Amino acid sequence: MRLTLLIAGALLPACFALSGCGYNDADKPLSTAATAAESAAETHLALSIWNSEHPPQPAESWALLPAGNDTGVDRIAVGDGGLWLLNADGRAVAESYSGRFSTLDASQLGDTILSATLDEVRDQTLLLSWNTAQHAFATPSWLPAASYPVESLCFYHDPNGYLYLFLIGEEGLGQQWLVADKQQLLDEPRLMRDLHLPVGAQYCAVNDALQTLFVSEEDVGIWAYPANPETNGERAVVDLITPYGQLQDSPQGLAPSIDGVLAVDGTAALYRYRAIADGWAGDRTLTLPDVEEAERLYSRSGPALQLLVADAKDQQLRVAELPAGEPPINAALLVEITALAQTTPVPHGGDAADDPAIWVNAADTSQSRILGTDKRGGLAVYDLQGEQLQYLPVGRINNVDVRSGFMLSGQPTDLAVASNRDSNSLELFSINSVDGQVAGLGRIALPLEDIYGLCMARSPQGEIYAIANDKSGRFLQYRLEDAAGEVKGTLVREFSTETQPEGCVADDARQRLFIGEEGVGVWALSSDPAQPAELIEVIRAEGPLHADVEGMAIYQAKQPYLVISSQGNDSYLVLDAKPPYQLRGAFRVGINIAAGIDGVSETDGLEVSSVDFGGTWGRGMLVVQDGRKRMPQGRQNFKLVAWEQIAEALKLP
């Protein structure tokens, strides 16, 4: 397969980057300086003048559509005279859309062609659709004016059918917008997140297959970022300007290839980079004869990679071809399920929300409560619509769990216990059985280095335990008892893991305790303190389970399930909660556009219940912590997912 690439004399949209490596011919990360022998191995790329018809005025920017598409539109150009739709011969398909435009990208959505370009008159990004069946432009729309000058923009098609638009500013600012879903343009684009880019960001390109956004930084080089809005935005080097890399000058354009990205610099040299396991590998540099001042690079996948080069000096467009390359082998897509509700964000910013618990109102399950920890300040209490009802500022609460039926002063009490890292203690709460009001009951100091994870267990005889751990791997199991109206704890068992744990959950029906060793996997042992603490492997953190291993919960039913947060790939695993712990499937929580709820990533804690809470929660719910709040960007919160959706998606027995 080959691909056709274009280098044009207009400015290419800019974007931001992944943390990557440089390149060399041995597919290894680039060393800090190129050797003289490598420099001498440059070759020329033959180009020819592109003699097809052009817009009536010089174009400022171009976009290429897939060759041979059924729309009749082959390419789009913008400039001071407007926007032009052109066929493969360079002839106008329709009357131009008047205006003054600069940077441009385009995407086909069914029988619609969507163009995004900077409207220089309004200083806003224009979204303009051309309906090929009606042979007409739709009503234009504009994104809100950015607070920075937009230098570049580019589209990103994700594997789940969402279309995003990146806006890149020279001042190091940018945004990512969701503009379409399943080939349908949204009535109102959604701002997913703000971007923090290099101050000298100039040009951008997105490789959809690699889910990677590339950006050039003036006088520095090329970076790559994950394009998925739920990622953390860590950048990686693709290449740097000599003497630290192979680039001889600042990139003047970027364009995707089927296996990576291409760049052209101010010396009219062409660079091609391919994705490899540990970064980026570069082909030998190609020089562009007769091109004095290349300014932009475009590409189009097909039997070949086609190049179109525009020279700012003579305003000529030149064409060439390169081998298309081999498409990447991507991991199979996980099924996506959407959250139906979300909680009010926690009061504190940064990595604050952590672990949820569900309290069931036995008299009216629709009035049950969700407890969510804010590890920078306290414990929040929410209703099943996600509205915050209480906030108890008791300190850095990490994990929380709930059990009912604790006898206190002769009365059954619903008890919540949390790990308080400020006081290195078990933080105790009572929950009013009628209205769900949460109140403090004091705390129990622990002899751990720094309390971290926590869960609770209940024996068949009604004894209630709190099991806490610290980062050293030490676990302490306490029996909680009434002492003259106060809760006291008696240490009944101690055991440990070799490395750092956190999450744990007790299956009270089967007296089994599951513990997570973050970088290793999940273990099971008896929750009965009288039994040996023999750790039995459930699942390793390899294959479908990606470290860190975080929250865990039990879905209690005739066929019980263990749900695990696979934080390393933003997914959740469902296993049988009984030996041999068969894996039933994995899923992610994606965007619910209609409800305005973003997807979920980097989950710490989670909780699940099989109780019928009414309505959409008839088969129970899963509550997960969201490590990155998007759409719009903000403080962390918790997402609520109907178990019905999970059971259907994974075809659970």
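Strands (E, at least two residues) and helices (H or I, at least four) are DSSP runs numbered from the N terminus, and two strands are taken to pair if DSSP finds at least two bridges between them. The model is predicted, so that local features need pLDDT of at least 70 and side-chain atom pairs count only at pLDDT 80 or more, whereas totals for chains, interfaces and linings use all residues. Residues are numbered from 1 along each chain as its sequence is written, and side-chain values use heavy atoms, with hydrogens and water left out.

Strand β7 (residues 101-109) pairs with β8 in the antiparallel sense over seven bridges, with A106 having S115 of β8 as its bridge partner. The two strands form a hairpin with two residues between them, and G110 in the turn has a positive phi of about 65 degrees. On the other hand, β8 also pairs with strand β9 (residues 124-131), again antiparallel, over eight bridges; here T117 stands opposite L126 in β9. Because eight of the eight residues of β8 (residues 112-119) are buried, this strand is largely enclosed by the rest of the structure; buried denotes under 20% relative accessible area, exposed over 50% and partly exposed the range in between (1.4 Å probe, protein chains only).

The hairpin of β8 and β9 has four residues between the strands. D123, in the loop between them, has a phi near 55 degrees, a positive value in a residue other than glycine. With 43% relative accessibility, D123 counts as partly exposed. A positive phi near 70 degrees is also found for Q183, which lies in the loop between β14 (173-181) and β15 (184-196) and is partly exposed at a relative accessible area of 42%. Most residues other than glycine have a negative phi, and most peptide bonds are trans. Cis peptide bonds occur from T242 to P243, with omega near 15 degrees, and from A547 to D548, with omega near 10 degrees. P243 is placed in the loop between β19 and β20 (251-257), and D548 in the loop between β45 (536-540) and β46 (549-555).

D123 also belongs to the lining of the second largest cavity, together with L118, Q124, T125, P144, A145, A146, Y148, V150 and L167. A cavity is a set of points, on a 1 Å grid over the protein atoms alone, where a 1.4 Å probe fits but cannot get out; lining residues have an atom within 4 Å of a point.

Four strands form an open sheet with antiparallel pairing in the order β16-β17-β18-β19. β16 (201-207) and β19 (236-240) stand at the edges with a single partner strand each, so one side of each is left without a neighbour in the sheet. β16 pairs with β17 (residues 212-217) over five bridges, and A201 stands opposite E217.

A further open sheet of four strands, also antiparallel, has the order β29-β52-β51-β50. Its edge strands, β29 (341-342) and β50 (606-609), each pair on one side only. Six bridges join β51 (residues 621-626) to β52 (residues 637-642), with Q625 opposite F638.

Key: On a 1 Å grid over the protein atoms alone, a cavity is a set of points where a 1.4 Å probe fits but cannot get out, and a pocket is an open set with protein on both sides within 12 Å along at least five of seven lines; lining residues have an atom within 4 Å of a point.
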